[in-house]
There are 2 protein chains.
Amino acid sequence: MSQLVLTTLPNIPLVKNGDDIARIILNGLRDAEIELREGDVIVIASKIISKAEGRVARLSDVTPSARALELAQETDKDAREIELMLQESSEIVRARKGLIVTRHRLGFVSANAGIDHSNVQKGAEDFVLLLPLAPDVSAARIREEVNRETGKQVAVVIADSHGRPHRLGTIGIAIGSAGLPALEDWRGRHDLFGYELKYTDIGLADMLASAATLLFGQAREGTPIVHLRGATWFGKNGTARDLVRPKEMDLFP
Amino acid sequence: MSQLVLTTLPNIPLVKNGDDIARIILNGLRDAEIELREGDVIVIASKIISKAEGRVARLSDVTPSARALELAQETDKDAREIELMLQESSEIVRARKGLIVTRHRLGFVSANAGIDHSNVQKGAEDFVLLLPLAPDVSAARIREEVNRETGKQVAVVIADSHGRPHRLGTIGIAIGSAGLPALEDWRGRHDLFGYELKYTDIGLADMLASAATLLFGQAREGTPIVHLRGATWFGKNGTARDLVRPKEMDLFP
């Protein structure tokens, strides 16, 4: 019998600019009385990474460009928010009333370029949260600090909630990953009957992100860090960037 | 501290046409010494539902239509397999060398209409596995039998591995669901700071499917049933069909 056990870390403070997320994880593990083992995974909600890295923008400080004003007319959205979306994206994929879908500079296609109003401190309605600048780097940095402090090799995944083409409902996906093959390659492996596997690319870090997101609870952002034990994987470590399908390889309309 | 605990059920036999999946689950739970509680979720790999329901096709019995022969030329794929894809789908979404993407009769968009070669008994290269005819109905039927036998209200999710637009790597999604809101509606809920939530539709059953798929291991199809404890949800029960984004609502290209 294999088991996968996910535990929310307790006593996570409200994260502020400059906070040390690795230190917060280590304190949470201590309070949860979890002793890290090799191969454990720490999944972190992207929001607290954004906050720790000061990825907050004040709308009253933003001057919309001509392109942003034009898109604001087209979509009925705030021109300053659109300006931020343009700055965060490499391409506007779709725009219509109430909706902007972009290719984010991190590669993925999503609504509103990952810009989020919720979970910014009350009385701060003028502020929005942007995604971390380089979440793969953030994950690697946090992992190094946790490994150094504990002497155990763990993995770190930074999770964000995304909508999807063709399906309703947001799910957790990995926007940052370190210490595991985010995109796991099963080429050459065989099934129970000796057949070579047909689907050889596994979205490992995305599934870990979804599993942890079940515990985050978007409304209870008091539990943005999950410890996960029992996952196994094959192959070389990679990054969440590996999960982005290159535009020219897109198979779906 | 909240916990989510997933356990693979042991001693699952090779499933054959006509097998009683609810009975296999109950035996597995007994062998794992798990006593069901209200709100537990049983996640089942779609393959064993297909096998129990006899959803196997013999390629040598299939006569390809003119359309299938045409698509076989276009894609370099087996015309008999394409004929099965056509029978399983409401629409061909994309076809090119080596690739067919369809809208399955169950609503979702995926490669090869969910038709699978792997994990069909050795010496049976001529056989392929089709998705269950009505997985939401299968989930409800299995759930009823488990509830009746144990006196506990559980939920059942039938999971399948799917590729995705814009992202590499397959993840687990729900193609059947009973006993929980597969698409969870968080409208009216508020975040930590009192803001109303922006993303109100949560792909609950898909995330449960992904979490369990981490344990299935496509190569070790000896563990196609996972018991999951600790998930919570809000609102009315629904079906996996609720997770299919209606074509006219598709926001992404």
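Biologist: Which residues does Leu59(A) touch, not counting residues up to four places away in sequence?

Modeller: In this predicted model, Leu59(A) touches Arg80(A), Glu81(A), Asp126(A) and Val128(A), with residues up to four places away in sequence left out.

Biologist: Where is the place of Leu59(A) in the chain, and why does Leu59(A) count as it does, buried or exposed or partly exposed?

Modeller: Leu59(A) sits in the loop between strand S3 (56–58) and H3 of chain A. The criterion is a count of C-beta atoms within 10 Å, where 20 or more make a residue buried and 12 or fewer make it exposed. Leu59(A) has 16 C-beta neighbours inside 10 Å, and therefore counts as partly exposed.

Biologist: What is the corresponding reading for Met85(B), buried or exposed?

Modeller: Met85(B) belongs to helix H4 of chain B. Because 25 other C-beta atoms lie within 10 Å, Met85(B) is buried. Not counting residues up to four places away in sequence, Met85(B) touches Ile100(B), Thr102(B), Asn112(B), Ala113(B) and Ile115(B).

Biologist: In what order do the three strands of the open sheet in chain A stand, and is the pairing parallel or antiparallel?

Modeller: As a general idea, strands of a sheet pair through backbone hydrogen bonds, in either a parallel or an antiparallel arrangement. In chain A, the order of the open sheet is S4-S5-S6, with antiparallel pairing. Strand S4 (89–96) and strand S6 (109–111) of chain A are the edges; each has a single partner strand, so one side of each is left without a neighbour in the sheet. From one strand to the next, the twist averages 25°.

Biologist: Over how many bridges do strand S5 and S6(A) pair?

Modeller: Strand S5 (residues 99–104) of chain A pairs with S6(A) over three bridges, in the antiparallel sense. Val101(A) has Ala111(A) as its bridge partner in S6(A).

Biologist: Which strands does helix H3 of chain A lie across, and which does helix H4 of chain A touch?

Modeller: Helix H3 (residues 66–75) of chain A lies across S4 and S5 of chain A, and runs at about 30° to S4(A). Helix H4 (residues 79–88) of chain A also packs on the sheet and touches S4 and S5 of chain A, its direction making about 25° with that of S5(A).

Biologist: What is the order of the three-strand open sheet in chain B?

Modeller: In chain B the order is S4-S5-S6, and the pairing is antiparallel. The edges are strand S4 (89–96) and strand S6 (109–111) of chain B; each has a single partner strand, so one side of each is left without a neighbour in the sheet. With direction ignored, neighbouring strands of this sheet are turned by 25° against each other on average. Strand S5 (residues 99–104) of chain B is joined to S6(B) by three bridges, and the two run antiparallel. Across this pair, Thr102(B) stands opposite Ser110(B) in S6(B). Helix H3 (residues 66–75) of chain B packs on the sheet by touching S4 and S5 of chain B, at about 30° to the direction of S4(B). Helix H4 (residues 79–88) of chain B lies across S4 and S5 of chain B, at about 25° to S5(B).

Biologist: Which domains does the assignment give for chain A?

Modeller: The assignment gives domain 1 (5–55 + 132–248) and domain 2 (56–129) in chain A. Their C-alpha centres lie 25 Å apart. The contact takes 11 residues from domain 1 of chain A and nine residues from domain 2 of chain A. On the domain 1 side, helix H2 (46–52) and strand S8 (155–164) of chain A each supply at least two residues. The largest share of that side, three residues, comes from S8(A). By class, the side has two nonpolar, four polar and five charged residues.

Biologist: Which residues touch the most other members of the largest nonpolar core?

Modeller: Leu208(A) and Leu208(B) do, in a core of 139 residues. Leaving aside neighbours within four places in sequence, Leu208(B) is in contact with residues including Leu214(A), Val41(B) and Leu228(B).

Conventions:
Residues are numbered from 1 along each chain as its sequence is written. Chains are lettered from A and ligands numbered from 1 in the order in which they are written. This is a predicted model: local features need pLDDT of at least 70, side-chain atom pairs count only at pLDDT 80 or more; totals for chains, interfaces and linings use all residues. Domain bounds come from an automatic or database domain assignment. Two residues are in contact if their C-beta atoms, placed from the backbone, lie within 7 Å. Helices (H or I, at least four residues) and strands (E, at least two) are DSSP runs, numbered from the N terminus. Ala, Val, Leu, Ile, Met, Phe, Trp, Tyr, Cys and Pro count as nonpolar, Asp, Glu, Lys and Arg as charged, and the others, Gly among them, as polar. Two strands pair if DSSP finds at least two bridges between them. Axes are lines fitted to C-alpha atoms, for helices over the stretch in contact, and angles run from 0 to 180 degrees between N-to-C directions. A nonpolar core is a set of buried Ala, Val, Leu, Ile, Met, Phe, Trp, Tyr and Cys residues joined through C-beta atoms within 7 Å.
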